[in-house]
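Student: I am new to this structure and would like a close look at one part of it. Please take me through that part slowly.

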Amino acid sequence: MSSLGSKILSILPADEEQFPLQFSDKVEPSVVEVLRRCRKQLYGNAACASRRLNAQIILDVSWERLNTGTWRHVDKEWRRVYSYGCLFKVAALCRENPSQQEILEAVRTCDMGLLMGAAIMDDILQVLVRILQNEISKTSKDEEKSVEGVAKKLKTEGPRSPSIREEKAVPRIKCPSLESFSTNYLLPLKPVILEGIIDHWPALNNHPWSIEYLRSVAGFRTVPVEVGSRYTDENWSQTLLTVNEFIDRYILNEDGGKSRGYLAQHQLFDQIPELKEDIRIPDYCCLGEGDEDDITINAWFGPAGTVSPLHQDPQQNFLAQVSRSFFTIPLQTCTNPNAELFPEFSKAPYLECVLEPGDVLFIPVKHWHYVRSLQVSFSVSFWWS
Amino acid sequence: MRWFGFGFNAFQQIQTQNNPEYSGLDAEERLSSPTELKGHVNRDGRCFEFSQIRASWSRRASLHSDGFVNDSCRGVIKQSRGCRDVFISESHLTLAFLDRVECWDLQSSDETPSWTMGIDTQSKSSAVNLPLVPGGYIASKPPFFHSLSPHMQAKSLALGGEHVILLTATGAVYTWGQGSHGQLGHGGLLPEEEPRTVEALWGMKMSSVSAGGWHSVCISDAGDLYVWGWNESGQLGLPSQRLRKTSEKKTDQQEGELSQNSSTHQEEVFISIQAFPALFDVTPLCEVKTVSCGSRHTAAVTTSGDLYTWGWGEYGQLGHQSFSSSDEPQRVEFFRAQQLHVVGVVCGPWNTFAAVANEEGLAPEYPTKPLNKHGE
């Protein structure tokens, strides 16, 4: 067995008897029977092909259940079964001297389990993916693009920051007290840009989020990407890519920029905890009624021209503008919604702004907004109540 | 009638392991080539053929010509004597007799069915064509009985993964249930709580219907095939992007390179969901006689005795001696090579069972003369 195989076995229960396989009766006995076979093979000497096949049976049968009915109603038990399938598949892939390709496939499998499954055995897939990533850093010979090369590629000729008319500008305030923010903006539900409140984020300091940094922390991780100009369009779709593939194809435009890709509204920080350590929940969220655990944190990472069409959020929103320090990366809110579809809208009072790195825009609940990126942009949103 | 099975076999539902020390781990979990099912030999040593086969994910129920039902997990079910029709799901076995219908819980060792319904043998509409029963149909789990309006004149009914398709005596097709993958054929993705007629087929008489996990198929009187629903593995026989991408990746890997973003197929139109029925040409050479759907694959028998399969094939359920999927119908060459005339097909979720006629090319009707192996 390879050293990787041994490492993986060391984080698993010592033997079959201590390996839990408990499910509600939503999971048929025949499926549990296959899970038991997988478990037996995990601690036995079965051929690799047989282990992989049994793991695949579990993945296929649970995948079908995950695609039955609406996602909301999928029983959590089936998502657990799916995660077990991922676990058994990874164990089978890595047992005997896995190639680089097999290790990457194992990382992808862990990500599928993290994205579609439900946590099992103390979130073992999270532990596994960390072990696998260390293995990749050890063995791979990264052809790191030079920093200058990356900088050159990213100097896209984006439009210059549009000038904002003063009377339409979202007000800006630097480090307000909790009380003044609450009194002047939260309670009356008025948008505002908070300056200076995320300066302490590692993402803007000692761990500046650059393309290279993101590649090193999460390059081989699989994430959901939206493809197409905007989600209200007919040819809009979602796909799964590694962060490296997303950066190559849609940020650096290596495929000629035929389509737009957007890593949008994804709870990236649950999937990749290393990145969560680079950000902090804004203190102002404590003015809400919910727990810190109830705050939904999403990542928004894309090239110039990504659009979130006019919409409302059901909760209060802090939109924090991060990104590499080489470029100013503005966002624009609430300008020119489609005048044909919403003729009355142009007469409604509206505000506009451009976000710079370090800005945090407060979007009050139910407040309509439209977002377009002017250049490559990385933002983090916090939905709180 | 002889039966051949191929596809998912992890529970020995097609072919049992000969090894007496079988531990469930070394059996052939998937069979990519048609394998003959052994007939049932009863206590007297007489061999009986199967008149009907039904399969769930892990089991196969076979109705013998002597009126007994065999379940691949439990063996012959003694209470099934005189059974006329059988249906099986992952949780229950449904048996139809002349005067009653019974549903048996496969997990329990009870000697009695968990649900029973009497049939009025005097009534004209007492015909049973599972899952259709007089007055309605039987679902795969409780509550079993669902009523259907007598105005529908239901002739046959098929249960999909989360939808139902019904054929009336006048040749009209109705669908209801979930519609998120276009499987209802009404042009949208919304569910329907009540049977709704498939308007696109209005005016054309259909002669049979079938339902898979997320797709629907029907055959017209003229022998044309209509397909609609999800095409993620090519189960509709329409171009599938996922299959094309996977086969590209495989060729690239064989050539020693990782696949780049392929732009060669951008002009081709791929179909993921077909929300309206589409006319589908299995083969220009002849008509389709019967069709059956698995979870994500489809199998059709032509009037010339050939079996065509397409869709998801990773468990060998397409029968082409490989574990690839296909979005184009391909003939199962095994039967031609053996000079066997395919007369029927029944799909389980991940496998396929083909009924083959005897040398005269005729399919014996139920009940059939028992094949006596002792030469009498």
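How many residues does the contact take from chain A and from chain B?

Tutor: This is a predicted model, in which local features need pLDDT of at least 70 and side-chain atom pairs count only at pLDDT 80 or more, while totals for chains, interfaces and linings use all residues. Residues are numbered from 1 along each chain as its sequence is written, chains are lettered from A and ligands numbered from 1 in the order in which they are written, and side-chain values use heavy atoms, with hydrogens and water left out.

The contact (heavy atoms within 4.5 Å) takes 25 residues from chain A and 27 residues from chain B. About 2200 Å² is buried between the two chains, 58% of it given by carbon and sulfur atoms; buried area is the accessible area (1.4 Å probe) that two parts lose on being put together, summed over both. Of the area that chain A buries against chain B, R37(A), L53(A) and E64(A) supply 25%, more than any other three residues.

E64(A) also takes part in a salt bridge with R296(B), at 3.8 Å from N to O, and this interface has one salt bridge by the rule, which asks for a side-chain nitrogen of Lys or Arg within 4 Å of a carboxyl oxygen of Asp or Glu. On the side of chain A that touches chain B, α2 (29-42) and α3 (48-66) each supply at least two residues, and α3(A) gives the largest share, nine residues; such helices are DSSP runs (H or I, at least four residues), numbered from the N terminus.
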